[in-house]
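Here's a quick tour of the model you have open, with cut-offs given as the terms come up.

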Amino acid sequence: METPLAYYLFVGAVLFVSGIVCMATKRNGIAVLMGVELVLNGANVNFVAFAHYTPLGLDGQIVSLFVIVLAAAEAAVALAIALNFYNNHQTIDVDRGDKLRG
Amino acid sequence: METGWQAAGDLETTMIPSLAEATIRSFLDGAIGNAGWASLLAAVVHVALVAGFFGVPAGIFIWAERKISARIQDRLGPTRVGGRFGWLQAPADGLKLLQKEDLAPKAADQILFPMAPYIVVVSSLAAFMFLPFSDGWIAVSLDIGLYLMLAVMSLEVIGVILAGYSSGSKWALFGAMREAAQMVSYEIPMAICVVIPVVAAGSLNLNEIGALQGGWLGNWLIFHDPFTFATFFVYFVCATASCKRAPFDLAEAESELVAGFLTEYSGFRWSFFFLAEYASMFAVCGIATLLFLGGWHTGIPGLDESVQGLRGSSASWPLSWLANVLGFGVFFVKSSLLVCVQIWVRWTLPRLRIDQVMMTCLKYLVPISCTLFLGAVIWPLVLSATTGKTTLLGEPLGERAAPALEIQADTTMTGREGDLP
Amino acid sequence: MTHIDSKAWLLIIAWLLPLCGFVIEVFAGYWSHRCPGGRYKSRTAAYLAVGCIGGGFLLSLSALISGISDWGLLEHQTSHSQAAPLESDNPDAHATAHFTVANVPHGEDADTGETGHGGGQKYVSGEIYTLGTFGKLRIAIDYYVDSLTLIMFTMVTLIATCIHVFAIGYMDDERTEDHTDHQVHLADGSHLHRPGRFYLFFSYMSLFCFSMLGLVLAGNIFMVFVFWELVGICSYLLIGFYVERRSASTAANKAFIVNRVGDFGFIIGLMILWTSFGTFGFKSYTDGNDGAHPEPGLFEMVRDDHGKVDVEKTDHGSIVRIQDHDDKSASIPYWLLVAAGLGIFAGCVGKSAQFPLQTWLPDAMEGPTPVSALVHSATMVAAGVYLAARFFPVFLPEVLLTIAYVGAITLFVAATIAIVATDIKRVLAYSTISQLGYMMLAIGLGGWGAGLFHLITHAFFKSLMFLCSGSVIVGCHHEQEMPRMGGLRKKMPITACTMLIGVIAICGLAVPGVSLWGYKIAFSGYHSKDAIVATAMTYAHLNPAHSLLFLAPLVTAGITAFYMFRLWFYTFAGEPRDQELYDHCHESPRVMTVPLMILAFFAIFCAVGGEGGPLYTAISHSETIPEHIADSAITLPSHKQIAGYHQQAGILALLVAAVGTLLAWLMYGVGRPDPGIIRRQFAGTHEFLVEKWRFDELYDAMFIRPVHVVAAWFSSFDRRVLDGVLHWFAHTGVVLARWNRWFDESLVDGIVNWIAVRVQAIGQSLSVVQTGRLRQYVMFIALGVVTLFLLMFALFPQT
Amino acid sequence: MSNQPLFWIFALLTCGGAVGVVISQNIVRMAFSLIVSLGSTAGLFFLLEADFVGATQLLVYVGGTLVLLIFGVMLTASGPFQQIRVSPGETFLGAAVGLLLLSVIAFTVIDVEWDTLNAARTEASPGAESGNTARAIGLRLVGIPADHEIGVHEGRGGRTGYLLPFEIVSIHLLVVLVGAAYLARAKRRVADGSTGGEN
C-alpha cells in the first residue's frame, strides 16, 4: 500500500509551521534564517509530493529545484545582511534592529 | 571496446538501476521466496559489503602510510606486528584504540560531541554506496550517482565542524573553521573538474562512465582531449585538499592548533575520524580512477575485450563474476596507486599557510578549472568541424547520449509516449 | 556662392585673417601668455596679430597688383592723358581754354565717364553670404572691389602692420603679471596694480583691422553700417584701454556717444535709401549672376552711365527719376535724396570728427599711441571720408556744398586750436581733424580724386608722426607735454628725423621749380594738398559766391605749417627745458624705429608724380564724375579746369606754407618774437583757442544742461505721478493680500491642518503596530493567515 | 515494494528535526537539527521518486546550512555557548499561534478528497516508477519536454520548457553572489606599520 498524499502534506505543514514559529520566537538572526529555510522546505515537500501524486509530473520537481536554488541565493544575501547587521550592532539579536531608520 | 560499446549501447540492459542489487536480490528472492524479506536481506548484504570495502582499504592505507612514510624518512616502519611487514599493525592500532576510555571534556556539548564522529564516518561510508568497484558491482546504481556521491561526501565536513565546535576548545574551533572554509572553497573547482569528464562521457552514472572507457588506453577519459588531461591533475589537487591531506591539512595543523578539531577526541571516536579520512581518500581516488583512468579496465586492447566478452555471456554467472573480480583488482590497484601518491605528497611537501591554501583555490584553481571546462566543451566541436571526429585517440564516447536524445526528440515531435529511462 | 573674382577672394581672406587672430587671441590669449615661472608674458599674441595683418597686407598687395594688371589702373584714362599735362609749360593756355568751356561743363569728361564704364567694368561685386531675406529687404554680406577698395586695403593693412610692429615695442610694459599704472591714483595714494593686458591690446587691434577691412570691402550700405559700428566699438575699447584712468573711460564714452549723434543721421539716411530704392547694394553684382539681369545698385539708380541725375520738375516740387529700375516711373523727391545724402554725411561727420562733432577726437588721445596712430589718424577717422567718397554718386550738389562748408570750417577751427595745444598728441589730433576737413572739402568741391589722394598720403605721414610721438612718449617715460621737452633730436635722432619728414610732408613743402627725372622734389603731402587747393581755387573761380572755400584751405595751409613746425621745434630742437626728463630720455628700440622708417619712406614717396603719378591714377579709375544738374546753382570744376589752376595754386600754397614754417622757426626755433609775449598780448584769443573754441562749453549749455533740466522734470513726474499710482496699486495689493492671508490662515489652513491632524492621529495609533520587530511581524502574518482561513470557513462554508 | 516504514522513519526525523530547531536554544544544535530535518526531507524526496531533487537538496541545502552553521558560530562567538533567550510569554504565544496555524492547515489537508487525484494519477502514468528523473529534468530545463505525462496534455502545447526561468535563475544567482560578496566585503582599516607584512 502506498503512503497517502495527505501524510506528506502533513509533514510539509509541520515543517512550515515550525519555520514560522522559529521565525516568530527566535531572537537570533541566524535562527530566523533557519526558520525561513524550514518554511521553504515545507513548501518543497508539498511540491514534490504533488508532483508524484498528481498529473503535475516533473513540473513540481522543477519548481522545487528553483525553490532550492532561490533559497540558496536568499541565504547568501540574508547572511550578508546579517554580517552587516553584526558589524553595526555587534550582535545578531534581531530585536535590536527595530530602529526603522538608517 | 566493441563489446563495451555494445553493452553500453543496449540501453535497456545497462540502464537498469542497480545491477548488483538485481543479482543479489534475485538470488535471495529465489532462496527465500518472500520479496520483502529478500530486499531487506539484500540491503543488509550490500551494507556489509560496502562496509567491508570501506574498512579494509582504510586499514591497508593506514599501514601503507606508516610504511611509506618510514621509507621516505629512511626508516623501516612497523616490522613486528603480524609478521614480516607489520601487516597487522592497523588492526592492532584499532584494537588499542577500542580499549581506550571514552573521554569527553566538561566544556563539550554533550549531545554533539559524541555524535560528530558518526556523522563523519557515516557520510564517508555512504559515499561508497555509489562507487562501482567493477562493472555492475555497485550498491546503488543511479543516473545521478556521481552527483549524489559528491553531495554525500560533502556532508563529512558538517561532522568536522560539529566536532570542532562541540569540543569547547579554541584549537578545535579554529581547526573546524579552517576546515569549513577550505572545504567550501575547494568544492567549487572540484565539482567543475568532475563535470568535465561527465561532459565528455555524457552521463552522471558512474557505472556507465566506467563501462565507456573499455577497449584500450586511448579510450580513457584522461586521454580524451588535452583539457581532460589537465583536468585530472587539477582534480587530484582539489581532491587532496578536500580530504584534508597534506599539504592542505590546515584543520589539524599540529604545529599551530595542537591537533585541530581532533584535539579533544581520543580512543574509538578518534579512530572513526582516522578511518573516515583514509576511506574518503580511497573514495576520491576511486572517482578519479573511474572518471579519468578507465575504471576497472586494464587499458590493454586485447585483454579488455576478452574480459568484456566474459561479462557479456551473462548466462554463466561464474565467468562474468570472475571477470568482475579481475576488474575489481584493476580498479583497486589504480585507486591504491593514487592513494599512494597522496601519501607520497604528504611526506614530501611542507604544509601551506591557510591564506596560501585559500589563494591557491580561489585565485588559481577556480579560474583554471573554468577555463578547462570551457576548453573541454569547445574541443569536440572544433575537432569535429576540422577532422570529422570528436576525439583524437579513442573512439568517440560522447555519442552515447545522441540516440537517446533523438528518441526523445521523436517523442516530443509526435506526441507519442516513449519508453524512456 | 558661385563665382568670386580672384581679387575679391584675396581681399576676403585678408579681411578674415584678423578675425581669426582676434578669436584666438581673445579666447586663448590669457593662457598662452603665461610663461612657466617667469613674470613676463610671451609675445605670442603680438606675433599672431602681426602675422594676421601682415598676411592681410601681402594678400591685399597681390590683389592690388592683380587689379593693376586686370584693369590697367596705372594707365591714364584716355582723355586724361591728353587733357591733363600736369606740369605743362603753358598753364595759361590751358586755363583760358577751359574757361571757355565752363558754360558747357564736362563735355569731355562725360565721355571719360563713359569710357570708364564702357571700357570694361572696373569693379567686381558679388555676394559672400545671404544673411536673410525679409520680403523685399535682402541683407547680405557683399563685396565691392574697385581700385579705391584695393588701395584702401593695401594702405590700411600696410599701416596697420607697421603700427602692430611698433606696438610690440610700445606696449612692452604691459607684458607682465603686475603692471603699475602710474596715472591712476588710488585712495591710499598708491598706484594701481593690475595684470598686463598685452594680449588684450592685440586682440582689440585685430578686431579693429577686421572691422575696418570689412567696412572697406562692404558691398552694401547696410554692411557698411554694421562694420561702421564695429569700428566704433573697437575705438571705444581702445580709447578706454586704460579703463582705470578716469580720463580714458570718459573719453571712450564721449567718443561713443558723439558718434551716436552722427550715426543717428546715418540711420535716417539708410531708411530713406531703402524705402525709396529698395536696396542697400552699391552696384549690381558682376559675380554670381549667371547671365541674369543684375539687380541694380544705388549708384546705378541715382545716376545713369554718364553720371547724369534725371531731375524733373513737377507740381509738388522736383523729383529724381530712379534709373535702371523695373518700374520706369519710379522716382524720389529731390529733397528726400538731399536728406538721405545729408544723413549719410552726418555719419561721416561723426566718424571723421568734422565740425560740429569734432570734440571727441582730441580726447581719444587717451588711448595708447599706436591706437591713436592707427585708429584716430590713419584709418578709422578716414572711414568717414571713405564713405563720403564712396557715396559720392548719391550726393546732390546741395549736399556737396554742405560737405564743403563743413570741411572748410573744420579745417580752420582745428588748425587754430592746434596752434595753442601743448600736448604733443593733441596737436597731432587737431592736425588730423584739420586734414580730414581738407579731404571733406575736396570731396564737397567735386575734387573726388584729390580728397582721396590726400586721404592716402595723410594716412601715411600722420601715422608716421603719431608713431614718432609715441616713440617720444616712450622715450620720455610717458611725458606728453611739449613744454617739458626740447632738444630731443640729440637723444633720439631717428625719431627726430622721421618726424621731420612727416612734418615736411604735412606742411606740403617742396623745392619749387626744380624737378628730378621729371618728378618734383616734394613729399607726398605737397602733391595731395596742392590738388585740393587747386580744386578749391577752381571752384572759387567757377562759383565766386563761395570764395571762402578757397581762402580757408589756403590760410590753413600756412597755419598747418606753423603748428607742425612749432611741434617739431618744441620737441626736438633747441635746448632741453627739463633736464631731468632729458637725461632719462632714450631712443626707442629697433622694433619701434623700423616701422617709423618704413612709414617715412611711404610718406616721402607714396604720392610720387603727383596727379600724374600711379597712386592718383589708380584712384581716379574709381571716380564717378557727376554731370551738371540743370538748375543747380553750383558748377563743379572739371579735371581740365583744375589742371589749369594747378600751377597757381601750387605756388600759393607753397608760399603760405613757407610763411608758416618761417614763422614757426622764428618763434620756436629762434625764439624771437617770444611766443610768451604774443600769448600775453592775445590773451583772450589764446584762451579761446585753448578752450577749443569753447565747443565743449557750448555743447554743455546747448544739450547737456537742457537734457538735465528735462530729465529732472521727468524725474519729478515719475516720482509724483507714476510713483503715486504705483504706490496706490501696491497699497491696494497689500490690503487685498492681508484679507487673503486671513482667509488662507483661518479657512484653508484650518481644513488642511484638520486633515493633517486626523491623519497624524490615525498614524500615531497605527504606529504602535510598527515596532520594527521582525518576530512580531511574522506573528502578525501567521495570525493574519489564520484569521483569513477562519473567516473563509465562516463566510463560505462548504464551497 | 512497500515504503511505509521508510516513510515513517524519514517523516519522524523530518518533523523531529524541525521541532528541534524550534525548541533548541543553542544555535549549533539548531543547525544540527536543521540538517537532520533537511536530510530526512531529502530521504522523503527519494521516496517520492525525485532523485535529482533529493540529491540537490543534500548538496545545496546542506551546503547552505553549513554556511549558516559557520555564521552561527562566528557571530555568536563572543561567548562559547551564547544564547539569546526570549521571554516565556512570547514563547507561549508563538507556540499557540503555531498550533493554530498547524491545525488550520491540517484541517485543510484532511478536508480535501485526495483520492480522486490519486486515481487520476494512476490512470495517467502507469510507468513513472523510476526515480531517474535527472535527464528528463535536464531536458525540461533546456526546453525539451521529455516528460510524457506533460508532453501530451492538451492545452499545454508540445514545447513546454523551463529554459527562460532557468536562465533567469542562473543570472539571478550570479547577481546575488556578487551582491552578497559586496555586502559582506571586509571594511578595510588603514593598516598601521606593525601589520604591514605579507597576507
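## Two helices side by side in chain C

Helix H19 covers residues 493–507 of chain C and helix H23 covers residues 590–605 of chain C; they pack at an angle of about 25 degrees with axes 10 Å apart. Axes here are lines fitted to C-alpha atoms, for helices over the stretch in contact, and angles run from 0 to 180 degrees between N-to-C directions. Helices (H or I, at least four residues) and strands (E, at least two) are DSSP runs, numbered from the N terminus. The crossing of H19(C) and H23(C) is left-handed, that is, the near helix is turned anticlockwise from the far one by less than a right angle (clockwise would be right-handed).

On the H19(C) side, the contact uses C:Ile494, C:Thr495, C:Thr498, C:Ile501, C:Gly502 and C:Ala505. Facing them in H23(C) are C:Thr593, C:Leu596, C:Met597, C:Ala600, C:Ala603 and C:Ile604. Contact means that the C-beta atoms of two residues, placed from the backbone, lie within 7 Å. Ala, Val, Leu, Ile, Met, Phe, Trp, Tyr, Cys and Pro count as nonpolar, Asp, Glu, Lys and Arg as charged, and the others, Gly among them, as polar.

## What you're looking at

This is a predicted model: local features need pLDDT of at least 70, side-chain atom pairs count only at pLDDT 80 or more, and totals for chains, interfaces and linings use all residues. Residues are numbered from 1 along each chain as its sequence is written, while chains are lettered from A and ligands numbered from 1 in the order in which they are written.

Chain C comes to 29 helices and 9 strands, and buried residues make up 50% of its 799 residues. Buried means 20 or more other C-beta atoms within 10 Å of the residue's own, exposed means 12 or fewer, and partly exposed is in between, with C-beta atoms placed from the backbone. Of the contacts in chain C with a separation of 6 or more, 78% are between residues 24 or more positions apart.

## A buried threonine

C:Thr661 belongs to helix H25 (residues 639–670) of chain C. C:Thr661 counts as buried because 23 other C-beta atoms lie within 10 Å. Leaving out residues up to four places away in sequence, C:Thr661 touches C:Cys507, C:Leu509, C:Ala561 and C:Phe565. C:Met564 is 97 residues away from C:Thr661 in sequence, yet the C-alpha to C-alpha distance is 8.3 Å.

## Strands in chain C

There's an open sheet of 3 strands in the order E5-E6-E7 (chain C), with antiparallel pairing; two strands pair if DSSP finds at least two bridges between them. Strands E5 (311–314) and E7 (331–333) of chain C sit at the edges with a single partner strand each, so one side of each has no neighbour in the sheet. The twist averages 35 degrees from one strand to the next. Strand E6 (residues 317–321) of chain C is joined to E7(C) by 3 bridges, and C:Ile319 stands opposite C:Pro333 in E7(C). Helix H11 (residues 334–351) of chain C packs on this sheet, touching E5, E6 and E7 of chain C, and its direction makes about 70 degrees with that of E6(C).

Elsewhere, strand E3 (residues 179–185) of chain C runs antiparallel to strand E4 (residues 191–194) of chain C, with 4 bridges between them. C:Asp181 has C:Leu192 as its bridge partner in E4(C). This hairpin has 5 residues between the strands, and C:Gly189 takes a positive phi near 90 degrees.

## Over to chain B

Chain B has 17 helices and 0 strands, and buried residues make up 50% of its 421 residues. Helix H11 (residues 226–242) of chain B and helix H13 (residues 267–292) of chain B have axes that come within 10 Å and cross at roughly 170 degrees, which means that H11(B) and H13(B) are roughly antiparallel. Among the residues making the contact are B:Phe232 and B:Phe236 of H11(B) and B:Val284 and B:Phe292 of H13(B). By class, the contact has 7 nonpolar, 2 polar and no charged residues.

## Where chain D meets chain A

The contact takes 73 residues from chain D and 62 residues from chain A. On the chain D side, H4(D) gives the largest share, 12 residues. By class, that side has 50 nonpolar, 17 polar and 6 charged residues.

Key
Angles under 35 degrees count as roughly parallel, over 145 as roughly antiparallel, 65 to 115 as roughly perpendicular and the rest as oblique.
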